[in-house]
Amino acid sequence: MSNILAAADAVSGNLNAIGYGLAAIGPGIGLGIMVGKTIEGMARQPEAAPMLRTTMFLGLAFIEVLALIGLVAGFLFQ
Amino acid sequence: MEHTLNALALTQTPLAAGGDGEFHTPSISEFFPDAVLFEGTVFELNRIRIALVLVTLVIAALFAIAMRNPQRVPRGGQNVAETAIDFVRNSIALETLGRVKGTRYLPYLVTLFFFVLGANILAIVPGVNIAASSTIGLPFLLAMITWAIYHVDGVREHGLFGYIKVQTVVPGVPKALAPVVILLEALQALIIRPFSLMLRLLANMMAGHILLVLFFSGASYLLLHGGGLLPVAGAGSAVMGLAFTGFELFVAALQAYIFTLLTAMYINMAISHEH
């Protein structure tokens, strides 16, 4: 028990940073998949590129907001 | 809450001391500078709001000057303004809303795009260095206007009950699941859409400002007060800061685009007849 307490003392800083790191994992993977698939689609069918790009930015908005909520939560729940 | 205030007080102390030899940590308090004009009234303006008023006037003046004497064959400023409007028209309005409805909503979408863009670009304007959209007021107001527009026009288009049906009923859902889906869709239309619209713009610009402050304050601290090889790291930090200034410009444009695109999408969802 005392070991755990000592370890907790040794680590200083803000837990929010770790929380934000965790919150960024999922959206990071999601963005990677989305952008990769869009590029794949553009390469297969270059004439569909404008439509794919618009849809990609739309998807980006929805994925990105998760990471941003993680950032805001760090400031809110201090 | 008390904790937050304590944290604010702590981060403000080095600032009050003049910041000599102290590392200036970016904090939330930067987004709320002291009032400059009309202190204590509802019209209180701090430097961010004054910059916002100025940027609004600049955008309005630019368009007014460019379009003051429109010609059939555009030249000079009119050309630039038309290219800018055409971008919003072709890649946002017509793409999502179609020709008839896209043209009807074009004035709002163009205004929204350039206003948000102007407010965002303040983040990298020297002397202001903070986006007007990085405090909650502006994103909240814009999200609320969009929210009101799509609800009002949806009700006008479908009638009240028709509109509720369009927004909440998803065809092809099993009967047993229908209540849950209806509840979720209603929550989506009423709360999640405006909230995420607001939060996306706010958090993007806030994060950008914090990032820039971190790089540049780190650079100045390491260059002026760092011993040994630390000034080298300071120079690296300054270079990163400059690179991220460019990135901020990109984010400013992207966020204006996304805000307008989502607004057009939400309007289309509310007034279109297919689901």
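Contact here means heavy atoms within 4.5 Å, and helices (H or I, at least four residues) and strands (E, at least two) are DSSP runs numbered from the N terminus. The model is predicted, so local features need pLDDT of at least 70 and side-chain atom pairs count only at pLDDT 80 or more, whereas totals for chains, interfaces and linings use all residues. Residues are numbered from 1 along each chain as its sequence is written, chains are lettered from A and ligands numbered from 1 in the order in which they are written, and side-chain values use heavy atoms, with hydrogens and water left out.

**View 1. Overall fold of chain B.** Chain B contains 8 helices and 2 strands, arranged along the sequence as α-β-β-α-α-α-α-α-α-α. The C-alpha trace spans about 70 × 60 × 40 Å along its principal axes.

**View 2. The buried side of helix α2 (residues 47-66) of chain B.** The buried residues of α2(B) are B:I48, B:A51, B:L52, B:V55, B:I59 and B:A66. They lie on the same side of α2(B), because they cover an arc of only 105 degrees around the axis, taken from the directions from the helix axis to the C-beta atoms. These buried residues pack against β2 (45-46), α3 (77-97), α4 (99-121) and α5 (137-158) of chain B. The face of α2(B) turned away from the buried side carries the exposed residues B:L57 and B:I65.

**View 3. Packing of α5(B) on helix α7 (residues 178-225) of chain B.** The two helices pack at an angle of about 145 degrees, with their axes 9 Å apart; axes are lines fitted to C-alpha atoms, for helices over the stretch in contact, and angles run from 0 to 180 degrees between N-to-C directions. Residues making the contact include B:F140, B:W147 and B:Y150 of α5(B) and B:L190, B:R193 and B:M198 of α7(B). By class, this contact has 12 nonpolar, 2 polar and 1 charged residues. Ala, Val, Leu, Ile, Met, Phe, Trp, Tyr, Cys and Pro count as nonpolar, Asp, Glu, Lys and Arg as charged, and the others, Gly among them, as polar.

**View 4. Surroundings of B:T168.** B:T168 is found in helix α6 (residues 160-168) of chain B. With a relative accessible area of 9%, B:T168 is buried. Not counting residues up to four places away in sequence, B:T168 touches B:V181, B:I182, B:E185 and B:A186.

Technical notes. Buried means under 20% relative accessible area, exposed over 50%, partly exposed in between (1.4 Å probe, protein chains only).
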